[in-house]
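Hello,

Here is the structure I promised to hand over. Please open it first, then read the notes below it.

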Amino acid sequence: RTEYMRLALVVALVALLCAPTPIVAPPPSTPAPAPTTPSPSPTPVNCVWSAYKCGACSESCGTGTQTCTRSKTTEESNGGSCSGTNTKTQDCETQACAPPACADISSPTGYLKITTKLTMKATATGSDTDAAFKAKVKTAIAVGGDTCENDVTIDAFAKSSNSAVVDATVRYPVNATAASKEAAIHKAVALMTKAMYMPNWVLPDQAHDDSNTGTATPDLNSTATQVTCPAAKSYDQAAALVTAKDYAGARAALNHIALCNYKTGSSALGTSSNMADVCNLLGFSNRKLSNPDVKLSELYYKRALQIKPKHVNANGYLGELYVQTNKPALAREVLDDLKVMCPPPAGCDSLTYLRDAMAAAKMEEGAHVRKLTWDQCFNLACSPLNLEKGDKIEFKYSVNHDVVKVADKSAFDTCASGTTVGSTSQGAAGFVLDLNDVGTEYYICGQGNHCSSGQKIEVNVHERTHAAPPSSGESAPCYSASCAPAPAPTP
């Protein structure tokens, strides 16, 4: 029995050892994920503007201005761009203006006479006969000279294959009253300024051309006018009258100064820096009268800027005039000029006053776009540039140039490689760089040896800030073209 049990155990053990190993099926494998195709980048969408809709003309006769507005029918997205603004100001013409009525001067004792010579292109006459054209010029001079046609005489008219020339005399009657003399001088100075420096203001529309020229000479020999030179009041005394808000008195004093400068009929006396200041204050005084003469104000501001284009105060006052007369596009043009003349962080009072005036009138300031002719920026000619956050730079250049952003000042100095942000093909249309971050950025041209030749620019981006407290809208603290920009306030 024991042997039997031992044998049974051996058999069982052998059976266990020799049994086949069961095959276990492997777990089902997870399929590998299918390769994914990256989503295409969204297509940039540029903005689309509606057509302009224009408001009424500012003048009921002659040439005026009108403000036109438009809106976006499609907003820019996905990195698309949008150029242009939602408003513009353009000239508009209605019917021709009739000359004013003759001055009601009882018992005139004499005349302040202005002789003028106006030279135009031969094509100015159009299809008119000589008589018809002379009649139009006579009317235009009367309107521009603020007098009636009876006080205008066409002395001569000559036409050649190259030009048409009109000689005319304008008489302003005066009597024994001081008021009549001041009125005559006021009108005479305005007429001479127009004839000598902006002759289109005294010519018919068909003759308007930038090549037109004119001369004007006052006759101050008449005892009736009693105009003596030099003028009785100096420029400083006239400026003091402005500060005292005696704008009528200031205008009279400035008119005398201008008339004495114009008495030779030569532009030589009218090109000094001091005459820019005189014209600037004439514009200011006419604008601040109880019954403002905004047309004459614009005339004198523009004459000041002809003499001295960077006259800071004349630019600022012209911009305020455009705000006053609701011409936002022109106000923005002046604002951009002032931003160039008064860069941050210092700025200047005139820039601040204009910004305040635009804000009060709810005129959108918009981004300032500094335009650079990039291929003329060698020898660091365009560097450094000080702008404000939100401004833009438009680089215009040929295919031989590009715009490369480098990391820092060291890379800028050594012309190290960087990231191309404006390709060679973008310069013709203008590569626009948005300045969205405060700090200093460095840009070079990466083509050839342009960078080592100084074609690079350091851009300092400042926070938007005002350089002075808001303007009271009355007189500015300085009237001269030589005024230095105001320092930035201490934080």
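**The sheet and its helix**

Strand E6 (residues 110–121) and strand E8 (residues 163–174) pair in the antiparallel sense, over 12 bridges. Two strands count as paired if DSSP finds at least two bridges between them. Threonine 115 has its bridge partner in E8: threonine 169.

Before going on, some ground rules. This is a predicted model, in which local features need pLDDT of at least 70 and side-chain atom pairs count only at pLDDT 80 or more, while totals for chains, interfaces and linings use all residues. Residues are numbered from 1 along each chain as its sequence is written, and side-chain values use heavy atoms, with hydrogens and water left out. Helices (H or I, at least four residues) and strands (E, at least two) are DSSP runs, numbered from the N terminus.

Back to the sheet. It is open and has 4 strands, in the order E7-E8-E6-E9. The pairing is antiparallel. Strand E7 (152–159) and strand E9 (213–219) are the edge strands, and each pairs on one side only. From one strand to the next, the twist averages 15°. Angles here run from 0 to 180 degrees between N-to-C directions, and axes are lines fitted to C-alpha atoms, for helices over the stretch in contact.

Helix H2 (residues 130–144) packs on this sheet. H2 touches E6, E7 and E8. The direction of H2 makes about 135° with that of E7. Contact means heavy atoms within 4.5 Å.

**A helix pair**

Two packed helices are described by the angle between their axes and the distance between the axes. Helix H4 (residues 235–243) and helix H5 (residues 247–262) pack at about 160°, with axes 8 Å apart. H4 and H5 are therefore roughly antiparallel to each other. The cut-offs are: under 35 degrees is roughly parallel, over 145 roughly antiparallel, 65 to 115 roughly perpendicular, and the rest oblique.

Which residues make the contact? From H4 they are Tyr235, Ala238, Leu241 and Val242. From H5 they are Tyr247, Gly249, Ala250, Ala253, Leu254 and Ile257. By class, the contact has 9 nonpolar, 1 polar and no charged residues. Ala, Val, Leu, Ile, Met, Phe, Trp, Tyr, Cys and Pro count as nonpolar, Asp, Glu, Lys and Arg as charged, and the others, Gly among them, as polar.

**A buried asparagine**

Asparagine 315 is found in helix H8 (residues 312–324). Is asparagine 315 buried or exposed? Asparagine 315 is buried, at 4% relative accessible area. Buried means under 20%, exposed over 50%, and partly exposed in between (1.4 Å probe, protein chains only). Leaving aside neighbours within four places in sequence, asparagine 315 is in contact with Leu305, Pro309, Lys310, Val334, Asp337, Leu338 and Met341.

**Backbone exceptions**

Most residues other than glycine have a negative phi, and most peptide bonds are trans. Some places here depart from that.

- The peptide bond from proline 344 to proline 345 is cis, with omega near 5°. Proline 345 lies in the loop between helix H9 (328–341) and helix H10 (349–360).
- Serine 383 and proline 384 are joined by a cis peptide bond, with omega about -5°. Proline 384 sits in the loop between strand E10 (369–373) and strand E11 (385–388).
- Asparagine 326 has a positive phi of about 60°. Asparagine 326 is in the loop between H8 and H9, and is exposed at 51% relative accessible area.
- Leucine 380 has a positive phi, near 55°. Leucine 380 is in the loop between E10 and E11, and counts as partly exposed at 40% relative accessibility.

Best wishes
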